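Please keep the coordinates open while reading.

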Amino acid sequence: MDLSAINPILFVAGFLVAATPLIFAATGELVVEKSGVLNLGVEGMMIIGAICGFAGAVETGSPLLGFAAAALGGALLSLLFAFLTQVTLANQVASGLALTLFGLGLSSLLGQPYVGVTPPRLPDVDLGLLADIPVVGPILFTHDIILYLGLVLVAAVWAVLKFTRAGLILRAVGESHDAAHALGYPVKRIRTLAIVFGGACAGIGGAYISLIRVPQWTEGMTAGIGWIALALVVFASWKPWRLLLGAYLFGGIDQLQLNLQGAGVAIPVEYLDMSPYVTTIVVLVILSRDKSAAPASLGRIFHASS
Amino acid sequence: MIRLEKRPQPSRAVSLATPLLAVLATMVFGGLMFAVMGKDPVTSIITIFWQPLFGEFAFYYRPQLLIKGAPLVLIAIGLSLGFKAGIWNIGAEGQYIMGALFGAGVGLALYPLDSFIVFPLMVLAGAFGGWIWAMIPALLKVRFGTNEILVSLMLVYVAESLLASMSLGLLKNPEGFGFPGSRNLQQYESAFNADLIEGTGMHWGVVAALIAVILAYVLMTKHRLGFAIRVTGEAPRAARFSGVNPARLVLFCLGTSGLLAGLAGLFEVAGPAGQVTIDFNVGYGFTAIIVAFLGRLHPIGILLAGGLMALTYIGGDIAQSQLGLPAAAIQVFQGMLLFFLLALDVLTNYRLRLGKPEVA
């Protein structure tokens with residue numbers, strides 16, 4: 001084992017990359033849950049985003065168009081969930097599971113022509129002199145535009161939820177759909193919009209894995225990151241900034257175990273592989289006592305006549 | 001404009017009809033999907049649903065129906081208990097793997113002991129493996145209020161890593177020339193889960209599935225515990241007032257479903273699969289979720305739904321070899337089925353009304 005093989009600067013820069021898919025998917029899901037809907041289909045939407053983004057980038061030659069395709073793919077899939085839960089009033093847990101099972105199947109069907117293909121690379125943003133600052137420069141200022149967009153997204157969601165009327169309405173719908181309905185807000189439309197937003201974010205998160213983190217397509221490559229994103233929302237007690245912190249924690253652990261694998265630590269690879277999942281369980285246990293932060297209508301079905 | 005109007009009573013007739021409607025809708029839309037992929041939709045559907053049962057080589061495929069259907073039914077029966085009570089074990093795949101590892105582990109440890117006791121011990125170990133794996137989310141939920149959906153699912157990935165580790169390490173066949181995977185239990189008579197009647201596909205897993213169906217039926221209709229499960233699902237507050245202990249219910253539902261999933265894993269690894277390999281599990285734990293819903297969380301329904309889902313697996317295999325239909329297409333097909341089922345379910349509790357909403 002040779003721990004000196006782990007370069008601390010590359011390690012930190014790497015875990016910012018590892019955290020980005022989680023940031024996108026979890027922030028999207030946070031908005032969905034704030035509106036009172038529990039969408040367990042994050043994993044399915046991410047994997048669809050991963051293949052749509054990959055295919056889009058390969059076919060057009062533009063990674064950015066790939067990300068747009070991923071957002072669209074995730075949003076379209078989430079519309080199915082919106083239809084099931086908002087129009088046909090299906091159980092949200094079951095519908096979310098259906099979305100994941102369907103998404104995993106569909107993505108491997110769509111992905112068949114793309115196995116072994118290398119996607120076009122998204123260039124790093126040119127931040128000029130900032131990148132030349134020792135230590136801080138390579139860690140913070142040598143990434144692609146999507147990574148920075150993830151940070152902007154967290155800030156924007158935080159600001160919208162906290163300071164705007166739209167955010168207030170969204171939270172009202174999530175806390176008490178009956179009261180929001182009585183005040184004349186279109187509960188279902190607001191929730192559908194939130195679901196589609198969540199789908200688009202999960203899609204981008206998935207594409208970040210297939211286009212930047214791993215740069216290739218393999219079946220089921222999201223490997224539970226969608227579920228970790230769901231856990232992350234609980235971890236963050238539905239607060240955007242805590243979500244960012246959590247994403248870095250998980251990204252850090254994931255990156256650390258990969259680095260340890262690379263350094264040839266005496267722990268078998270399979271046990272390192274399971275560390276992000278075990279960590280998630282441990283974190284869930286520590287944080288599950290306080291449920292007061294959860295939106296009050298989370299997971300409940302709304303029908304105006306009932 | 002179409003509105004939904006709540007029925008005074010959920011309609012039993014519609015509740016029975018929706019799975020059939022969902023299957024039909026899936027056939028139509030699945031056919032469309034196959035057409036888009038450049039396959040003849042009618043031939044594809046016939047290949048999937050007719051060939052395994054009544055085609056030229058049906059004698060070969062019919063036993064497969066039992067082999068594929070048994071684990072699905074066994075797991076789905078367990079899941080349905082929890083689902084009815086609002087306890088969501090979606091980590092059956094992990095419990096299935098752990099059942100197989102524990103069961104096969106005992107069998108391999110006793111190799112080459114020739115005794116009638118080997119297989120029963122493996123069955124016990126398999127059940128225990130699944131049970132203990134399900135107890136982790138159950139105890140965490142009871143003790144800390146942790147979400148069982150996320151924990152049971154995370155444990156699937158942990159179990160998959162353990163499976164990889166075991167088939168590359170501890171359980172690896174010492175005479176396997178370095179290839180990953182354990183000894184083949186099919187070649188170890190005392191441990192082999194053989195057909196009870198030669199060539200029928202009728203192995204102990206099928207027997208266990210049928211027993212599970214009967215026991216679940218009795219439990220849900222005749223026993224106090226079944227009543228507690230139903231009440232908890234429909235009205236959790238009322239359940240608490242009527243003296244249902246929610247913690248005990250969580251332990252029971254998760255434990256039972258883990259135990260059954262573990263059994264399914266053992267019967268599979270000791271029979272049709274034969275050995276512990278990195279990918280011997282083929283997603284039965286996840287497909288069983290569809291089976292449970294398709295069967296309306298009712299034991300008899302699950303039996304039928306398990307048969308149907310087994311049919312799509314086998315028909316899918318045939319379509320793959322004869323028509324070049326990708327394996328993933330069948331997975332999409334099964335996912336579609338769940339979508340249609342969930343969407344059509346609304347008709348059980350609501351009536352569709354045409355026209356403008358009345359002004360209240």
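Which side chain meets that of Asp254(A) in a salt bridge? In this predicted model, the partner is Arg213(A), with a distance of 3.3 Å from N to O. Asp254(A) belongs to helix α11 (residues 240-263) of chain A and Arg213(A) to helix α9 (residues 187-213) of chain A, so the pair ties together parts that are 41 residues apart in sequence.

**Salt bridges**
- Over all chains, the count by this rule comes to three salt bridges, and the pair of Asp254(A) and Arg213(A) is one that meets the rule.
- Across the interface of chain A and chain B, by contrast, the rule finds zero salt bridges.

**Interface of chain A and chain B**
- The contact involves 45 residues of chain A and 41 residues of chain B.
- The size of an interface is often given as the accessible area that is lost when the parts come together.
- For chain A and chain B the buried area is about 3,600 Å², and carbon and sulfur atoms give 80% of that area.
- Two residue pairs are found in polar contact across this interface, both at pLDDT 80 or more.
- On the side of chain A that touches chain B, the elements giving two or more residues are α3 (63-87), α4 (92-111), α10 (225-235), α12 (269-273) and α13 (275-287) of chain A.
- Of these elements, α4(A) provides the largest share of that side, with 13 residues.
- Sorted by class, the side of chain A that touches chain B holds 30 nonpolar, ten polar and five charged residues.

**Enclosed space**
- By the rule applied here, there is one cavity of 30 Å³ or more, and the largest cavity has a volume of about 40 Å³.
- The lining of the largest cavity is made by Ala70(B), Pro71(B), Leu74(B), His203(B), Gly205(B), Ala264(B), Phe267(B) and Glu268(B).
- At least two residues of this lining come from each of α4 (58-85) and α11 (246-270) of chain B.
- By class, the lining of the largest cavity comprises five nonpolar residues, two polar residues and one charged residue.

Notes:
Residues are numbered from 1 along each chain as its sequence is written. Chains are lettered from A and ligands numbered from 1 in the order in which they are written. This is a predicted model: local features need pLDDT of at least 70, side-chain atom pairs count only at pLDDT 80 or more; totals for chains, interfaces and linings use all residues. Side-chain values use heavy atoms; hydrogens and water are left out. Contact means heavy atoms within 4.5 Å. Buried area is the accessible area (1.4 Å probe) that two parts lose on being put together, summed over both. A salt bridge is a side-chain nitrogen of Lys or Arg within 4 Å of a carboxyl oxygen of Asp or Glu. A polar contact is a pair of N or O atoms within 3.5 Å; within protein, one must be able to donate a hydrogen and the other to accept it, and residues adjacent in sequence count only if both atoms are side-chain atoms. Helices (H or I, at least four residues) and strands (E, at least two) are DSSP runs, numbered from the N terminus. Ala, Val, Leu, Ile, Met, Phe, Trp, Tyr, Cys and Pro count as nonpolar, Asp, Glu, Lys and Arg as charged, and the others, Gly among them, as polar. On a 1 Å grid over the protein atoms alone, a cavity is a set of points where a 1.4 Å probe fits but cannot get out, and a pocket is an open set with protein on both sides within 12 Å along at least five of seven lines; lining residues have an atom within 4 Å of a point. Grid points are joined across faces, edges and corners, and a volume is the space filled by probe spheres set on the points.
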